[in-house]
Amino acid sequence: MIQRKQTLYLLLAIVLTIVTLSTQTATLTDDGLVVERVYNLMRIRHSGEVSYDVCPLFLILLVAATIGVYAIFMFKQRLRQAAWCLAAVGLYLVWYVALAVYSKSLAPDALHFHLSWHAVLPGISCILFFMARKAILADEKLVRAADRIR
(Lines give C-alpha, C1' and ligand atoms only; values in the text may rest on other atoms or scores of the structure.)
Protein backbone atom coordinates (compact mmCIF):
# COMPACT_ATOMS: atom_id res chain seq x y z
CA MET A 1 0.00 0.00 0.00
CA ILE A 2 2.64 2.58 1.02
CA GLN A 3 4.96 1.75 -1.87
CA ARG A 4 2.45 2.94 -4.45
CA LYS A 5 3.26 6.41 -5.74
CA GLN A 6 -0.32 7.61 -5.39
CA THR A 7 -0.21 6.80 -1.68
CA LEU A 8 2.89 8.95 -1.33
CA TYR A 9 1.12 11.78 -3.19
CA LEU A 10 -1.85 11.47 -0.88
CA LEU A 11 0.32 11.41 2.25
CA LEU A 12 2.20 14.51 1.15
CA ALA A 13 -1.08 16.29 0.37
CA ILE A 14 -2.42 15.42 3.82
CA VAL A 15 0.73 16.70 5.51
CA LEU A 16 0.55 19.97 3.56
CA THR A 17 -3.11 20.35 4.50
CA ILE A 18 -2.34 19.82 8.18
CA VAL A 19 0.43 22.41 7.97
CA THR A 20 -2.05 24.83 6.40
CA LEU A 21 -4.57 24.14 9.15
CA SER A 22 -2.11 25.16 11.83
CA THR A 23 -0.50 28.24 10.26
CA GLN A 24 -1.50 31.81 9.52
CA THR A 25 -3.32 32.29 6.25
CA ALA A 26 -3.45 36.06 5.90
CA THR A 27 -3.07 39.41 7.63
CA LEU A 28 -5.20 42.52 7.53
CA THR A 29 -3.15 45.70 7.57
CA ASP A 30 -3.97 49.38 7.79
CA ASP A 31 -1.16 51.72 6.70
CA GLY A 32 1.45 49.04 7.32
CA LEU A 33 0.21 48.13 10.80
CA VAL A 34 -1.14 44.62 11.33
CA VAL A 35 -4.75 44.91 12.48
CA GLU A 36 -5.72 41.21 12.36
CA ARG A 37 -4.12 37.85 11.79
CA VAL A 38 -6.31 35.40 9.91
CA TYR A 39 -5.95 31.67 10.51
CA ASN A 40 -8.16 28.97 9.03
CA LEU A 41 -10.03 28.57 12.31
CA MET A 42 -10.10 32.12 13.69
CA ARG A 43 -9.16 35.75 13.39
CA ILE A 44 -7.07 37.38 16.09
CA ARG A 45 -7.30 41.16 16.31
CA HIS A 46 -4.39 43.28 17.46
CA SER A 47 -6.25 43.92 20.71
CA GLY A 48 -6.39 40.17 21.42
CA GLU A 49 -10.03 39.63 20.49
CA VAL A 50 -10.72 36.30 18.83
CA SER A 51 -13.43 35.73 16.22
CA TYR A 52 -14.37 32.35 14.79
CA ASP A 53 -16.29 33.57 11.76
CA VAL A 54 -13.74 32.11 9.32
CA CYS A 55 -13.99 28.55 10.69
CA PRO A 56 -15.58 27.22 7.46
CA LEU A 57 -12.08 27.50 5.95
CA PHE A 58 -10.86 25.16 8.68
CA LEU A 59 -13.74 22.73 8.17
CA ILE A 60 -13.22 22.55 4.41
CA LEU A 61 -9.53 21.66 4.84
CA LEU A 62 -10.31 19.22 7.65
CA VAL A 63 -12.80 17.37 5.44
CA ALA A 64 -10.29 17.36 2.56
CA ALA A 65 -7.59 15.86 4.81
CA THR A 66 -10.06 13.26 6.10
CA ILE A 67 -10.97 12.34 2.53
CA GLY A 68 -7.26 11.92 1.81
CA VAL A 69 -6.81 9.53 4.73
CA TYR A 70 -9.91 7.62 3.66
CA ALA A 71 -8.68 7.47 0.05
CA ILE A 72 -5.39 5.92 1.16
CA PHE A 73 -7.25 3.00 2.72
CA MET A 74 -9.48 2.51 -0.33
CA PHE A 75 -6.58 1.00 -2.28
CA LYS A 76 -8.55 -2.16 -3.14
CA GLN A 77 -11.31 -0.13 -4.79
CA ARG A 78 -9.37 2.00 -7.21
CA LEU A 79 -12.30 3.67 -8.97
CA ARG A 80 -13.78 4.82 -5.67
CA GLN A 81 -10.36 5.97 -4.56
CA ALA A 82 -10.08 8.07 -7.72
CA ALA A 83 -13.54 9.52 -7.10
CA TRP A 84 -12.58 10.52 -3.55
CA CYS A 85 -9.46 12.21 -4.89
CA LEU A 86 -11.60 14.21 -7.29
CA ALA A 87 -13.90 15.19 -4.40
CA ALA A 88 -10.86 16.45 -2.45
CA VAL A 89 -9.74 18.51 -5.45
CA GLY A 90 -13.19 20.08 -5.51
CA LEU A 91 -12.95 20.90 -1.81
CA TYR A 92 -9.62 22.65 -2.28
CA LEU A 93 -11.16 24.76 -5.04
CA VAL A 94 -14.09 25.57 -2.74
CA TRP A 95 -11.55 26.60 -0.07
CA TYR A 96 -9.97 29.11 -2.45
CA VAL A 97 -13.38 30.51 -3.39
CA ALA A 98 -14.28 30.83 0.31
CA LEU A 99 -10.93 32.53 0.99
CA ALA A 100 -11.63 35.02 -1.79
CA VAL A 101 -15.09 35.73 -0.35
CA TYR A 102 -13.64 36.23 3.12
CA SER A 103 -10.91 38.48 1.75
CA LYS A 104 -13.53 40.75 0.23
CA SER A 105 -15.75 40.77 3.31
CA LEU A 106 -12.98 41.12 5.92
CA ALA A 107 -11.02 43.88 4.22
CA PRO A 108 -13.12 46.99 3.74
CA ASP A 109 -11.69 49.78 1.63
CA ALA A 110 -9.42 51.06 4.41
CA LEU A 111 -7.80 47.67 5.16
CA HIS A 112 -5.51 45.59 2.98
CA PHE A 113 -5.72 41.80 2.82
CA HIS A 114 -2.31 40.11 2.47
CA LEU A 115 -2.08 36.37 1.91
CA SER A 116 0.64 34.40 3.63
CA TRP A 117 2.76 32.00 1.61
CA HIS A 118 0.94 29.20 3.46
CA ALA A 119 -2.12 29.94 1.33
CA VAL A 120 -0.31 28.25 -1.57
CA LEU A 121 -0.14 24.87 0.21
CA PRO A 122 -3.78 23.87 -0.49
CA GLY A 123 -3.10 24.50 -4.18
CA ILE A 124 -0.10 22.19 -4.03
CA SER A 125 -2.25 19.63 -2.20
CA CYS A 126 -4.87 19.97 -4.93
CA ILE A 127 -2.23 19.21 -7.56
CA LEU A 128 -0.99 16.23 -5.53
CA PHE A 129 -4.53 14.83 -5.26
CA PHE A 130 -4.93 15.23 -9.01
CA MET A 131 -1.60 13.44 -9.60
CA ALA A 132 -2.69 10.65 -7.25
CA ARG A 133 -5.95 10.30 -9.15
CA LYS A 134 -4.07 10.06 -12.43
CA ALA A 135 -1.78 7.34 -10.98
CA ILE A 136 -4.78 5.45 -9.56
CA LEU A 137 -6.51 5.44 -12.94
CA ALA A 138 -3.26 4.28 -14.60
CA ASP A 139 -3.13 1.37 -12.12
CA GLU A 140 -6.75 0.52 -12.90
CA LYS A 141 -6.01 0.55 -16.62
CA LEU A 142 -3.02 -1.75 -16.04
CA VAL A 143 -5.13 -4.18 -13.99
CA ARG A 144 -7.87 -4.24 -16.63
CA ALA A 145 -5.29 -4.88 -19.36
CA ALA A 146 -3.83 -7.78 -17.35
CA ASP A 147 -7.33 -9.25 -16.89
CA ARG A 148 -7.93 -9.16 -20.65
CA ILE A 149 -4.75 -11.11 -21.37
CA ARG A 150 -5.88 -14.06 -19.25
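Start by selecting Arg4: at 16% relative accessibility, Arg4 counts as buried, since the cut-off is under 20%. Keep in mind as you go that this is a predicted model. Arg4 sits in the segment before α1. Show its surroundings, leave out neighbours within four places in sequence, and you will find Arg4 in contact with Phe75, Arg78, Gln81 and Asp139.

**Next stop: α1 and α2**

Now colour α1 (5–21) and α2 (residues 55–72). The axes of α1 and α2 come within 9 Å and cross at roughly 160°. That makes α1 roughly antiparallel to α2, and their crossing is left-handed. To see where the two helices touch, display Thr7, Leu10, Leu11, Ile14, Thr17, Thr20 and Leu21 on the α1 side, which meet Phe58, Leu61, Leu62, Ala65, Gly68, Val69, Ala71 and Ile72 of α2. Sorted by class, this contact holds eleven nonpolar, four polar and no charged residues.

**On to α3**

From α2, pick residues including Pro56, Leu57, Ile60, Ile67 and Tyr70; the α3 side of the contact includes Gln81, Trp84, Cys85, Leu91, Tyr92, Trp95 and Tyr102. By class, the contact of α2 with α3 has 21 nonpolar, one polar and no charged residues.

**Into the core**

Which residues touch the most other members of the largest nonpolar core? Select Leu10, Leu57, Cys85, Tyr92, Trp95, Leu106 and Phe129, out of 36 residues in that core. At least two core residues come from each of α1, β1 (24–30), α2, α3 and α4 (121–149). The most come from α3, which gives eleven residues.

Zoom in on Leu106 from that set. Setting aside neighbours within four places in sequence, Leu106 is in contact with Leu28, Val38, Arg43, Asp53, Val54, Leu111 and Phe113.

**Last stop: Thr27**

Finally, move to strand β1 and pick Thr27. Is Thr27 buried or exposed? With 14% relative accessibility, Thr27 counts as buried. Not counting residues up to four places away in sequence, Thr27 touches Glu36, Arg37, His112, Phe113 and His114.

How values were computed. Residues numbered from 1 in each chain as written. Predicted model: local features only at pLDDT ≥ 70, side-chain atom pairs only at ≥ 80, totals over all residues. Heavy atoms only, no water. Axes fitted to C-alpha atoms, helices over the stretch in contact; angles between N-to-C directions. Helix = DSSP H or I, 4+ residues; strand = E, 2+ residues; numbered from the N terminus. Contact = heavy atoms within 4.5 Å. Nonpolar A, V, L, I, M, F, W, Y, C, P; charged D, E, K, R; others polar. Core = buried A, V, L, I, M, F, W, Y, C linked by side-chain atoms within 4.5 Å. Buried < 20%, exposed > 50% of the residue type's maximum accessible area, 1.4 Å probe, protein only. Parallel < 35°, antiparallel > 145°, perpendicular 65-115°, else oblique. Left-handed = near helix turned anticlockwise from the far one by under 90°.
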